[in-house]
Structure formats: structure tokens, C-alpha cells
Amino acid sequence: MNKNARPKLKSKVKNMSQYDTVHLGYPIWYADMPMAVYSFLESYNWKGKTIISFCTHEGSGLGSGPSDIKKLCPDAEVEDGFEIRGGDIKSDEAKATIKDFAKNLDL
């Protein structure tokens with residue numbers, strides 16, 4: 001992270017062009033996305049696509065994720081992200097929050 005590394009990904013999404021909307025999930029590490037997520041975002045053409053991010057954290061909320069995604073993917077529509085504290089993920093309240101988020105996506 002301090003070196004702004006871009007780890008090589010083991011695989012790529014086949015036919016990314018067939019997707020209009022991408023749901024991007026990741027954990028927050030030190031108020032930031034993992035560097036592998038940066039590698040992923042820099043590997044594709046996001047023009048005309050919608051990115052909906054969601055993350056787990058232990059106090060950082062969304063961190064810099066949404067603004068970094070917008071910088072990395074200026075031709076994409078980046079929806080407001082969804083965050084939830086990882087330690088709370090199994091609670092009934094968290095499960096209800098996740099269901100509400102998914103329901104409001106209008107998929």
C-alpha cells in the first residue's frame with residue numbers, strides 16, 4: 001500500500017464488455033481498498049458501465065473507495081457505495097440492512 005503496488009491478478013473477467021453493471025465488493029484496509037482492487041479497476045474499460053461498490057470495515061466506513069473508483073473509472077457511473085461493519089455482519093440488523101440495500105438496487 002505504501003508503495004502504491006498493483007499486484008498481478010491471477011485471472012481476468014471473460015467478456016467484461018457484456019456487463020453493464022458491476023457490483024464491486026471488497027474489505028476496507030486502513031481506510032482504503034486493497035491494492036488488488038486497484039489492479040482490477042485498471043484492467044478494464046469502464047466506459048458506459050455502472051459500478052456499485054460495497055465493503056466491510058471495522059470503523060473506516062467507505063474510506064476513500066468511492067472517490068478512488070471515480071478517479072480510476074471516470075467514464076463509468078459510480079453509484080453510492082454500501083458499507084457495513086464486518087464485526088456486525090451476522091447480526092439481524094445487518095442482515096436487514098443488506099436486504100434493504102439489495103432490494104433498493106432495483107435489479
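Me: A disulfide is counted here as a pair of cysteine sulfur atoms within 2.5 Å. How many disulfides does this rule give?

Reply: The model is predicted, so local features need pLDDT of at least 70 and side-chain atom pairs count only at pLDDT 80 or more, while totals for chains, interfaces and linings use all residues. Residues are numbered from 1 along each chain as its sequence is written, and side-chain values use heavy atoms, with hydrogens and water left out. In general, a disulfide is a covalent bond between the sulfur atoms of two cysteines. In this structure, the count is zero disulfides.

Me: Are C55 and C73 buried or exposed?

Reply: Relative accessible area decides this: buried means under 20%, exposed over 50%, and partly exposed in between, with a 1.4 Å probe and protein chains only. C55 is buried at 2% relative accessibility, and C73 is buried with a relative accessible area of 2%.

Me: How many salt bridges are there?

Reply: Side chains of opposite charge can pair when their charged atoms come close. The rule used here asks for a side-chain nitrogen of Lys or Arg within 4 Å of a carboxyl oxygen of Asp or Glu. The count comes to two salt bridges. In one of them, the side chains of R6 and E42 meet at 2.9 Å, N to O. This pair links distant parts of the chain, 36 residues apart: R6 is in the segment before β1 (21-27), and E42 is in the loop between α1 (35-41) and β2 (50-57). Helices (H or I, at least four residues) and strands (E, at least two) are DSSP runs, numbered from the N terminus. R6 is partly exposed at 32% relative accessibility, and E42 is partly exposed at 42%.

Me: Which side chain meets R85 in a salt bridge?

Reply: The partner of R85 is E58, at 4.0 Å, N to O. This pair also links distant parts of the chain, 27 residues apart, with R85 in strand β4 (residues 82-85) and E58 in the loop between β2 and α2 (65-72). R85 is partly exposed at 35% relative accessibility, whereas E58 is exposed at 54%.

Me: Which residues form the positive surface patch?

Reply: A patch is made of residues with over 30% relative accessible area and no salt bridge; like charges are joined within 9 Å, and nonpolar side chains (Val, Leu, Ile, Met, Phe, Trp, Tyr) within 5 Å. Lys and Arg count as positive and Asp and Glu as negative, with His and the chain ends not counted. K90, K95, K99 and K103 form the positive patch. Among them, K90 lies in the loop between β4 and α3 (92-104) and is exposed at 72% relative accessibility.

Me: Which residues form a nonpolar patch on the surface?

Reply: This patch consists of M1, W29 and Y30, with about 440 Å² of accessible area together. Y30 is in the loop between β1 and α1 and is exposed, with a relative accessible area of 76%.

Me: What is phi of Y30, and what is phi of A31?

Reply: Most residues other than glycine have a negative phi. Phi of Y30 is near 55 degrees, a positive value in a residue other than glycine. A31 also has a positive phi, near 65 degrees. A31 lies in the loop between β1 and α1 and is partly exposed, with a relative accessible area of 35%.

Note on methods: Accessible areas come from the Shrake-Rupley method with a 1.4 Å probe; for residues, only the protein chains shown count as cover. The place of a charge is taken as NZ of Lys, CZ of Arg, CG of Asp or CD of Glu.
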